[in-house]
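What follows is a walk through one protein chain, to be read with the sequence and the coordinates open.

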Amino acid sequence: PPAMSRRVVRQSKFRHVFGQPVKADQMYEDIRVSKVTWDSSFCAVNPKFVAIIVEAGGGGAFIVLPLAKTGRVDKNHPLVTGHTAPVLDIDWCPHNDNVIASASEDTTVMVWQIPDYVPVRNLTEPVVTLEGHSKRVGIIAWHPTARNVLLSAGSDNLVILWNVGTGEMLLALTDIHSDLIYNVGWNRNGSLLVTTCKDKRVRVIDPRKRQVVAEKARPHDGARPIRAIFVADGKIFTTGFSRMSERQLGLWDLNNFEEPIALQEMDTSNGVLLPFYDADSSIVYLCGKGDSSIRYFEITDEAPYVHYLSTYSSKEPQRGMGFMPKRGLDVSKCEIARFFKLHERKCEPIVMTVPRKSDLFQDDLYPDTPGPEPALEADEWLAGKDAEPVLISLRDGYVPLKNRELKVVKKNILDNRPPPGTRRSQSGSDTNISVSA
């Protein structure tokens, strides 16, 4: 046959990435995972803790377990229980492994300091409560490089940016979304947002200018929710549904948002595909809610741009999924990703590995990766400054830092004292709060 027709196998060190569940005793058992119907991941992990939204009578709660605390979870294990209605989303602060934010149907966002020891009773007092939404808050996401900047998006179609260190609203994006916001993602340096919305549009937004800088109507023709994330070089990766209800993925270039660089059909399952992206390996992992598999693809600069790598399959469907940041992985085992798969009653870590014969540090698998130091202060970012993440080497592994306290200092507390008789002040008291560990 002519040389042209021979199928060339693409060279990639990630062609043989394989996923494996941990042994049975390394799972977290007896957890009542939340049954709320909401398309968030329900699980957030970092190098110290796994946090999972759980069923809670009357209010809203999540559980936080030290990573090493595998096995059966004591039924009296303390919960984080400050919300008065179900928790819909949780997110660990990228710059402080003891700080987590939660968003709830009760219209508030709360930020919590989690101690390194397991507390004796439920945590009920957040470090700060952020009030500004008028309907449930379903999405939160910390800024990747600026300290204490937190984004929230609610069913009031608002996106609000907060300075958690002062408890203040930095800015609100009010007239951009005309319908329910499905998801929000930052780009790598936190200068832009990408959002998807029930109005079937993907928008790229400069939050500080409060401007839509690029927009695509109907990247996928189907009626079901679309997700979008930034990948390398500022391209946008989307998941959605075709008119025939097949699940699709798409890759888009902002310079020509009209036509996709890649558009692939996958299957006819109806779960929304949650994309998780690792910039270091340029791999995107797709976890469908209700699926029992994780599919993964490498994104490159050569056609077809989105290259299917493999599928991790299991028997049990996933209720949600946590994704460990790179610094929480075991580099000695060539682990390039770790997922925390939620079942009805347990959380099962799944390890993604690149097989290597050598025991030496594999620097091609582990370029320097974002570490826990922010690159900017909140007010520098708000004033227009941008900075790339501060990178660290994983050559000797990563050792989590000791508990650092989040201090919230309210500005001019007398100027914004609420009128008497309001439901509650924004923090637990009218004076400067400082939380002692």
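In this predicted model, a search of the whole structure finds 13 aromatic pairs. One of them joins Tyr-28 and Phe-340: the ring centres are 6.4 Å apart and the planes meet at 35 degrees, so the pair is tilted. Tyr-28 belongs to strand 2 (residues 28–29) and Phe-340 to strand 29 (residues 335–342), so this pair ties together parts of the chain that are 312 residues apart in sequence. Tyr-28 counts as buried because its relative accessibility is 3%, under the limit of 20%. Phe-340, at 1% relative accessibility, counts as buried too.

Trp-252 and Phe-257 make another aromatic pair, with 6.1 Å from centre to centre. Is this pair stacked or edge-to-face? The planes stand at 65 degrees, and the pair is edge-to-face; the angle has to be over 60 degrees for that class. Trp-252 has a relative accessible area of 1% and is therefore buried. Phe-257 is buried as well, with a relative accessible area of 7%. Elsewhere, ring pairs link Phe-276, Tyr-285, Tyr-296, Phe-323 and Phe-339 into a cluster.

The next residue to look at is a serine in a loop. Ser-191 sits between strand 16 (181–186) and strand 17 (193–197). Is Ser-191 buried or exposed? With a relative accessibility of 12%, Ser-191 counts as buried. Which residues does Ser-191 touch, leaving out those up to four places away in sequence? They are Ile-205, Asp-206, Pro-207, Arg-208 and Asp-386.

Pro-304 is located in the loop between strand 26 (293–299) and strand 27 (306–313).

The loop between strand 2 and strand 3 (43–45) contains Asp-30, and Phe-42 has its place in the loop between strand 2 and strand 3 as well. Asp-30 has a phi near 65 degrees, a positive value in a residue other than glycine. For Phe-42, phi is likewise near 65 degrees, again positive in a residue that is not glycine. Where do the two stand in accessibility? Asp-30 counts as partly exposed, at 32% relative accessibility, whereas Phe-42 counts as buried, at 2%.

Now to the chain as a whole. Its secondary structure comes to 1 helix and 32 strands. The radius of gyration is 21 Å, close to the 22 Å that the globule rule gives for 437 residues, so the chain is as compact as a globular protein of that length. Along the principal axes, the C-alpha trace spans about 85 × 50 × 40 Å.

Of the 437 residues, 55% count as buried. Among contacts in the chain with a separation of 6 or more, 52% are accounted for by residues 24 or more positions apart. The chain exposes about 19,700 Å², and carbon and sulfur atoms supply 49% of this area. There are 54 positive and 54 negative charges, and their mean positions are 4 Å apart.

Technical notes. Residues numbered from 1 in each chain as written. Predicted model: local features only at pLDDT ≥ 70, side-chain atom pairs only at ≥ 80, totals over all residues. Heavy atoms only, no water. Helix = DSSP H or I, 4+ residues; strand = E, 2+ residues; numbered from the N terminus. Rg over C-alpha atoms; globule rule 2.2 N^0.38 Å. Buried < 20%, exposed > 50% of the residue type's maximum accessible area, 1.4 Å probe, protein only. Contact = heavy atoms within 4.5 Å. Areas by Shrake-Rupley, 256 points an atom, 1.4 Å probe, with all protein chains shown as cover. Lys, Arg positive; Asp, Glu negative; His and termini not counted. Charge placed at Lys NZ, Arg CZ, Asp CG, Glu CD. Phe/Tyr/Trp six-rings, centres within 6.5 Å; stacked < 30°, edge-to-face > 60°.
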